[in-house]
Amino acid sequence: MTTDTARRGTALPALGVVVAAGLVLFAMVRIALESSQGQRWDDTAMTTVVAGRDAQLTLLSWLGYVSIGAIALVVAGVVLIALFRGKARLAVAAGVLIVGANISTQLLKQLVLDRPDFGLGVLNSLPSGHTTVVASATGAMLLVVPGVLRPTAAAAGGFATTLAGASTIVAGWHRPADVVAALAVSLLWTGIVAAVIHGPRQPVGGSFISALIGCVAGLAALVVIGVRPAYGWVGFFEASLVLGAVTAVTAAFVAAAAAISPAE
């Protein structure tokens with residue numbers, strides 16, 4: 001394999017991820033936001049899981065750390081990692097990814113998307129800002145860490161992203177579609193910057209398994225602190241389906257972000 005061919009190794013997969021993420025975002029808008037049946041499904045899904053008072057306080061405490069200040073700290077952290085490795089272009093890419101994803105989410109939520117009135121409220125919450133913060137940080141971390149540490153970053157990112165996304169649902173802050181849309185926005189930006197800084201691919205089997213383990217661990221953490229089906233055993237299947245779907249989509253996001261991150 002020539003050097004030029006190797007450099008193009010992640011370019012096409014990254015562009016494919018951009019298209020896929022864009023389609024997922026479009027689907028969430030059309031189905032969960034702009035259709036009456038989709039709004040009902042999404043609202044019902046949000047109410048399938050609950051947490052007791054102590055668990056709620058724990059979740060709200062965690063979510064309280066996700067802020068503008070947290071974004072700044074994450075940007076500084078990933079930039080420093082990239083610069084320490086002598087990878088200035090990765091530092092720029094990581095910063096663009098985080099800032100681009102979070103600005104896009106706020107613009108979509110505040111200015112671009114409207115929630116039609118189907119009797120379920122008109123305040124738009126799609127995409128989830130909290131989920132975007134953590135997911136974009138995960139994508140940036142996967143870009144800047146050396147290949148040998150990518151599985152570890154995938155596990156940590158999967159855990160944190162699952163915990164953040166699912167917590168916003170349990171806390172009643174966001175519907176499941178809001179979380180999926182945030183993952184799509186973050187993956188879209190990850191794909192864009194990965195296509196621009198394209199490089200040789202590296203095996204992603206370890207990262208995929210690590211991402212899955214991290215996401216399942218994040219879900220388990222919610223159960224440990226007291227998150228339960230809203231209707232007891234009667235609603236166990238529905239609650240498991242909602243949280244399981246969020247966990248699976250998060251694992252797919254982390255695995256895709258790892259797969260298109262150049263081996264450097």
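The second largest pocket of this predicted model has a volume of about 220 Å³. Pockets were located on a 1 Å grid over the protein atoms alone, as open sets of points where a 1.4 Å probe fits, with protein on both sides within 12 Å along at least five of seven lines, and lining residues have an atom within 4 Å of a point. Grid points are joined across faces, edges and corners, and a volume is the space filled by probe spheres set on them. The lining comprises Val 49, Leu 219, Val 223, Val 227, Arg 228, Pro 229, Gly 232, Trp 233, Phe 236, Ala 239, Ser 240 and Leu 243. Nine lining residues are nonpolar, two polar and one charged, where Ala, Val, Leu, Ile, Met, Phe, Trp, Tyr, Cys and Pro count as nonpolar, Asp, Glu, Lys and Arg as charged, and the others, Gly among them, as polar.

The largest pocket has a volume of about 270 Å³. Of its 14 lining residues, Met 28, Asp 42, Ala 45, Pro 176 and Ala 177 are the closest to the centre. Two or more residues of this lining come from each of helix 2 (11-33), helix 3 (36-46), helix 9 (176-196) and helix 11 (236-260). The lining divides into twelve nonpolar, one polar and one charged residues.

Overall, the chain contains eleven helices and two strands, these being DSSP runs numbered from the N terminus (helices, H or I, at least four residues; strands, E, at least two). Their order along the sequence is α-α-α-β-α-α-α-α-α-α-α-β-α. The C-alpha trace spans about 60 × 35 × 35 Å along its principal axes.

Helix 7 (residues 129-144) and helix 8 (residues 150-170) have axes that come within 9 Å and cross at roughly 175°; axes are lines fitted to C-alpha atoms over the stretch in contact, with angles from 0 to 180 degrees between N-to-C directions. Helix 7 is therefore roughly antiparallel to helix 8 (an angle over 145 degrees). The contact (heavy atoms within 4.5 Å) involves, among others, His 130, Val 134 and Leu 142 of helix 7 and Arg 150, Gly 157 and Thr 168 of helix 8. Its residues divide into nine nonpolar, seven polar and one charged.

The peptide bond from Leu 126 to Pro 127 is cis, with omega near 0°. Pro 127 lies in the loop between helix 6 (88-112) and helix 7.

Residues are numbered from 1 along each chain as its sequence is written, and side-chain values use heavy atoms, leaving out hydrogens and water. In this predicted model, local features need pLDDT of at least 70 and side-chain atom pairs count only at pLDDT 80 or more, whereas totals for chains, interfaces and linings use all residues.

Methods
Angles under 35 degrees count as roughly parallel, over 145 as roughly antiparallel, 65 to 115 as roughly perpendicular and the rest as oblique.
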